[in-house]
Amino acid sequence: MAVAANLDKLLDKAYEESPLDKLPDAPVAALAGVSKADAEALDKAFGVKTIGDLGRNQAIRAAVAIVDLANLAK
């Protein structure tokens with residue numbers, strides 16, 4: 001099944017036309033608002049090099065889960 005989504009606001013201009021299935025392998029700096037310095041800090045702190053690494057990172061996933069659960073408890 002094909003999936004289409006407009007991710008332009010989430011991505012750096014250079015990656016707006018990238019196929020969805022290729023984005024997990026794109027550098028984390030491909031995300032809008034993530035600078036090269038941010039990407040280097042993420043790599044140094046967590047070993048995050050790609051969007052996929054960021055999305056699969058256990059600490060980040062735990063933080064998202066905690067925030068989501070806290071919001072549901074309100």
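Student: What does helix 3 reach from its first C-alpha to its last?
Tutor: Helix 3 covers residues 58-73, 16 residues, and reaches 22 Å, close to the 22 Å expected at 1.5 Å a residue. That expected span is 1.5 Å times one less than the number of residues. Helices here are DSSP runs (H or I, at least four residues), numbered from the N terminus.
Student: And which residue caps its N-terminal end?
Tutor: Asn57 caps helix 3 there, with a side-chain oxygen 3.0 Å from the backbone nitrogen of Ala59.
Student: Where do these numbers come from?
Tutor: This is a predicted model, where local features need pLDDT of at least 70 and side-chain atom pairs count only at pLDDT 80 or more, while totals for chains, interfaces and linings use all residues. Residues are numbered from 1 along each chain as its sequence is written, and side-chain values use heavy atoms, leaving out hydrogens and water.
Student: OK, how many helices and strands are there?
Tutor: The protein has 3 helices and 0 strands, in the pattern α-α-α along the sequence.
Student: New topic: which residues make up the largest nonpolar core?
Tutor: Leu11, Leu23, Ala26, Ala30 and Ile51, 5 residues in all. A nonpolar core means buried Ala, Val, Leu, Ile, Met, Phe, Trp, Tyr and Cys residues joined through side-chain atoms within 4.5 Å. Buried means under 20% relative accessible area, with a 1.4 Å probe and protein chains only.
Student: What is Leu23 in contact with?
Tutor: Leaving aside neighbours within four places in sequence, Leu23 is in contact (heavy atoms within 4.5 Å) with Leu7, Leu11, Tyr15, Ser18 and Ile51.
Student: And how much of the protein is buried?
Tutor: Buried residues make up 16% of the 74 residues.

Methods:
Buried means under 20% relative accessible area, exposed over 50%, partly exposed in between (1.4 Å probe, protein chains only). Helices (H or I, at least four residues) and strands (E, at least two) are DSSP runs, numbered from the N terminus. A polar contact is a pair of N or O atoms within 3.5 Å; within protein, one must be able to donate a hydrogen and the other to accept it, and residues adjacent in sequence count only if both atoms are side-chain atoms.
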